[in-house]
Amino acid sequence: MYEYLSVPDFSCPGYLRYDIQDFVHAVIARYYFNLYFGQEVQGHITGGNIVNKPLLIYNVHEIIQKTKPPGHRKISQKEPNMVQQIKNEMQRLGYKAEVIPASYFEYIRQDAKALSECGFLNKYQERLVGNVFNFTLPDTEVRSIIIVASPSPSTVMIKFYLKGKRIPLRIPSTYVDYNSAPVAMEKCLNDLVNPAGYHVTSAQKLPKKWLAVRSGLGIYGRNNICYVDGFGSFATISAFYSDIPCAEGGLREIRQMEECRTCKACLNNCPTAAIRPDRFLVDAERCLTYFNEADGGHDFPEWVDGSAHNSVVGCTRCQLICPVNRKYINDRSETFEFSEEETGILLSGGTFEQLPEELAQKIDKLNLRDYLSALPRNLKVLFSREDITA
Ligand code: B12
Ligand code: SF4
Ligand code: SF4
């Protein structure tokens, strides 16, 4: 029986009998099995009965020809001192960090290529992987990539006042610190490494969740979100280029949490069926967040039920229901309020420059500036659930 996570030692990959015989091949095959077919295929890989074997073998061989991933070895303990100092300092500040050598960038690039060729990406994801991410290293000297996870409150509460009613609404984890966390971390890192002559710069255009999982910082949940020990999925992930030397070690395989084997809570609680039972990759074009982060020129599709909406922007359904997250629920106690007048201004859809100063400050503190044009549409649908027509 093929066990995705419980094979304790990959040096005994008896579960793959075909052309895949050695350690490295088995590790890659395991990864691509899951990439292409999702974990539902596990039960089919008994007695050599591989679903769509030709496709798998073809892909595995093609990938082996092009890359020789370093496999699933623990990152070397003999890392240069600075790398260890970074990890220690981040830990001291309540964050978690991993550092991978820039030479591994090629494997990340290959992952991206394999992913875009797997045939399961929708147009949006194809655009992300093909055009939005930038897999070209900057011209400055880059020797390593630092990936940092910082805890984020599970939700932030906002109270809106409208037509004499008080309407409490949520903002999900990671929105309020999406921009501020990388800036704060870049500063901390530079304060630490600059005296030794090293530099750190933000790497916004890298696939951060992916780097977090491949570097060993986190692990996927069925909801496609990255879980970090000590934070659950309530973690903002930031990535940085640096000129700090980093020992070669191992990239981790793409893994899913043990807990997901016997749980489908996120799948069942997803209001738009974006989490699919037949494969791992989330259907991003069905995710509520995809619709409510879009600017106000886009209406919600008719098939999205009114009861699906739950947050000012984004969605909390697949995270708040997760049993692994239970012990990390730490909604931010500070509550933000928007008066009747301020709520009215937000509903009218003005630009940031048109906002009164106090309102502009609140919007910035909540990091909602990028979503200003989305707010009238999002708030109207949420208010209508309270029987208030905005
Ligand atoms: C584009 C984007 C979106 C899009 C598309 C999401 C998507 N899944 O593609 C939309 C708008 C829908 C979105 C929604 C959300 N997002 Co978003 N998003 C991003 C962004 C910019 C890129 C994500 C990406 O790489 N997509 C491409 C797909 C192909 O990558 P992937 O999902 O990792 O795919 C991998 C897995 O599917 C895996 N895989 C495939 N098969 C299998 C099989 C098995 C068994 C396993 C284990 C793995 C596996 O392989 C793929 C490649 O490695 C990142 C920031 C960044 N620069 O990285 C934030 C980011 C991923 N988002 C984030 C968050 C918080 C969210 C939301 C929770 C927001 C919310 N509350 O509403 C939702 C969650 C939706 C969900 N369930 O995934 C955080 C995640 C933090 C974390 N702890 O993981 C990030 C990292 C932002 C940040 N800096 O913190 N997001
Ligand atoms: S809700 Fe269940 S299946 Fe979904 S990520 Fe959490 S443990 Fe995994
Ligand atoms: S964020 Fe909401 S819509 Fe998107 S996958 Fe999670 S539960 Fe589904």
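A: Two strands count as a pair if DSSP finds at least two bridges between them. Keep that in mind, and remember that this model is predicted.

Q: Okay, so what holds strands together in a sheet?

A: Strands of a sheet pair through backbone hydrogen bonds, and they can run parallel or antiparallel. Here, four strands make an open sheet with the order E1-E2-E8-E5, and the pairing is antiparallel.

Q: Which are the edge strands?

A: Strand E1 (96–101) and strand E5 (200–202), each of which pairs on one side only. On average, neighbouring strands of this sheet are turned by 30° against each other, direction ignored.

Q: Over how many bridges do E2 and E8 pair?

A: Strand E2 (residues 144–151) and E8 pair over eight bridges, in the antiparallel sense.

Q: How do E3 and E4 pair, parallel or antiparallel?

A: Strand E3 (residues 155–162) and strand E4 (residues 165–172) pair in the antiparallel sense, over eight bridges.

Q: How many residues lie between E3 and E4 in the hairpin?

A: Two residues, and Lys163 in that turn has a positive phi of about 50°.

Q: Now helices. At what angle do H3 and H6 cross?

A: For a helix pair, look at how close the axes come and at what angle they cross. The axes of helix H3 (residues 81–92) and helix H6 (residues 180–193) come within 11 Å and cross at roughly 135°. That angle makes H3 oblique to H6, because only angles over 145 degrees count as roughly antiparallel and 65 to 115 as roughly perpendicular. The crossing of H3 and H6 is right-handed.

Q: Which residues come nearest to ligand 1?

A: With a ligand, start from the residues around it. There are 39 around ligand 1, and Pro172, Cys226, Gln256, Phe280 and Gly314 come nearest. Several elements supply at least two residues each to this shell, among them helix H1 (23–37), helix H4 (105–117) and strand E8 (235–242). By class, the shell around ligand 1 divides into 22 nonpolar, 12 polar and five charged residues.

Q: Why does ligand 2 lie between domain 2 and domain 3?

A: Check who contributes to its shell. Domain 2 (81–153 + 171–256) and domain 3 (260–384) both give residues to the shell around ligand 2, so it lies between them. Ligand 2 has 14 residues around it, the closest being Gly221, Cys260, Cys263, Cys266 and Cys322. Nine residues of that shell are nonpolar, two polar and three charged.

Q: Which residues come nearest to ligand 3?

A: Cys270, Cys287, Cys315, Arg317 and Cys318, out of the 13 residues around ligand 3. The elements giving two or more residues to this shell are H9 and helix H10 (317–320). The shell around ligand 3 has nine nonpolar, three polar and one charged residues.

Methods
Residues numbered from 1 in each chain as written. Chains lettered and ligands numbered in written order. Predicted model: local features only at pLDDT ≥ 70, side-chain atom pairs only at ≥ 80, totals over all residues. Near = placed C-beta within 6 Å. Nonpolar A, V, L, I, M, F, W, Y, C, P; charged D, E, K, R; others polar. Domains from an automatic or database assignment. Axes fitted to C-alpha atoms, helices over the stretch in contact; angles between N-to-C directions. Parallel < 35°, antiparallel > 145°, perpendicular 65-115°, else oblique. Left-handed = near helix turned anticlockwise from the far one by under 90°.
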